[in-house]
Amino acid sequence: MDLQFLGTSSGVPTKARNVSATAVIEASGTGWYLVDCGEGTQHQLLHSPLSVRDLRAILITHVHGDHCFGLPGLLASAGMSGRKEPLQLVLPADLQTWVRQSLAVSDTYLPFELQMQPVETFTGLEHGNVQIGVVELSHRVPSYGFVFEERDPEPRLDTQRLQADGIPAGPMWGQLARGRTVEHEGRQLDPQTYLQPTRPAQRIIVCGDNDRPELLSTLAANVDVLVHEATFTQPVVERTQATFGHSTAAAVARFAETAGVRNLVLTHFSARYQSGGGRGGSIEEVREEAQAHYNGHLTLARDLQRYRLGRDGVVVEVE
């Protein structure tokens, strides 16, 4: 699975960073999932190869506007682009009425079914080779993270089993290879029965705002990539005596080191941290603080950059 960040700023956008939105892209094909949808997300998509027609689901971590204000516009654009497939939308229950009213008062017609589920009772979903779970976090309002896990990564046909079961080579094999159920001699053939993974399954956690990284202890033990906010550095928190329900780079890094996280990707940076430095501070302060506490592979997410977990288990930038 790949990650492409459509927004990495906290609270408000900057000239270099939009507010929160992260795409999780299937390893095979063009299907993708959107975690959070801050204002301007649909404009960021125009600078990426991602299409709303291939969007499998939108998952909103919490009610704050920098994580959801882009929803009505993105949904409207998806309809105008000709999308027909149903779209799953997992979001806090309090936002469901807001989404419906936003579409209604703006006279927005969606030519596809919008299947809304409250995140508070979300039990997970599966689409193709990807299954998604949820974890409850800690913030000023209820906040959640989403766990993406592959079922059969880059599957290949088990030809020996097909032959043993008397299924002749031909079009049926092709259908099964594409994950489609086929009928043979009056019985339904489940493609998962005849597909084998060619590499270990990948597991990625994409978190919403969270001031208690330790809530991820159980899940993080076997995760390949943890995407977590690092809104502030420790000196800022010590000076202001407030975290506003967010984590510092030091807190997340210490947790990731203790939990043995292989790849830590930080995002959701306060607007004070600029790429070139300035009066507010430099993004390098975030990097240096995290590196002081974490020995794994550290990445500071950049807007529109795509990242991939390589076969060596390390996150790399995709050109």
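**The binding site and its loop**

Analyst: The side chains of His62 and Thr61 make a polar contact of 2.9 Å; a polar contact is a pair of N or O atoms within 3.5 Å, where within protein one must be able to donate a hydrogen and the other to accept it, and residues adjacent in sequence count only if both atoms are side-chain atoms. The model is predicted, with local features needing pLDDT of at least 70 and side-chain atom pairs counting only at pLDDT 80 or more, while totals for chains, interfaces and linings use all residues. Residues are numbered from 1 along each chain as its sequence is written, and side-chain values use heavy atoms, with hydrogens and water left out.

His62 sits in the loop between strand 5 (55-59) and helix 2 (71-80); helices (H or I, at least four residues) and strands (E, at least two) are DSSP runs numbered from the N terminus. With 0% relative accessibility, His62 is buried, a term for under 20% relative accessible area, against over 50% for exposed and in between for partly exposed (1.4 Å probe, protein chains only).

UniProt, in an unreviewed entry, lists His62, His64, His139 and Asp209 under "binding site". These residues span 148 residues in sequence, but no two of their C-alpha atoms are more than 10.5 Å apart, so they gather at one spot. UniProt positions follow the numbering used here, feature names are shortened, and annotations may be inferred rather than shown by experiment.

Leaving aside neighbours within four places in sequence, His62 has contacts (heavy atoms within 4.5 Å) that include Asp36, His139 and Asp209. Asp209 lies in the loop between strand 15 (203-207) and helix 6 (217-220) and is buried at 2% relative accessibility. Not counting residues up to four places away in sequence, Asp209 touches, among others, His62, His139, Glu229, His246 and His268. The side chains of Asp209 and His139 are joined by a polar contact of 3.3 Å.

The loop between strand 5 and helix 2 also holds Asp66, which the unreviewed UniProt entry marks as "active site". Asp66 is buried at 11% relative accessibility. A polar atom of its side chain lies 3.0 Å from the backbone nitrogen of Gly11. Beyond four places in sequence, the contacts of Asp66 include Ser10, Gly11 and His268.
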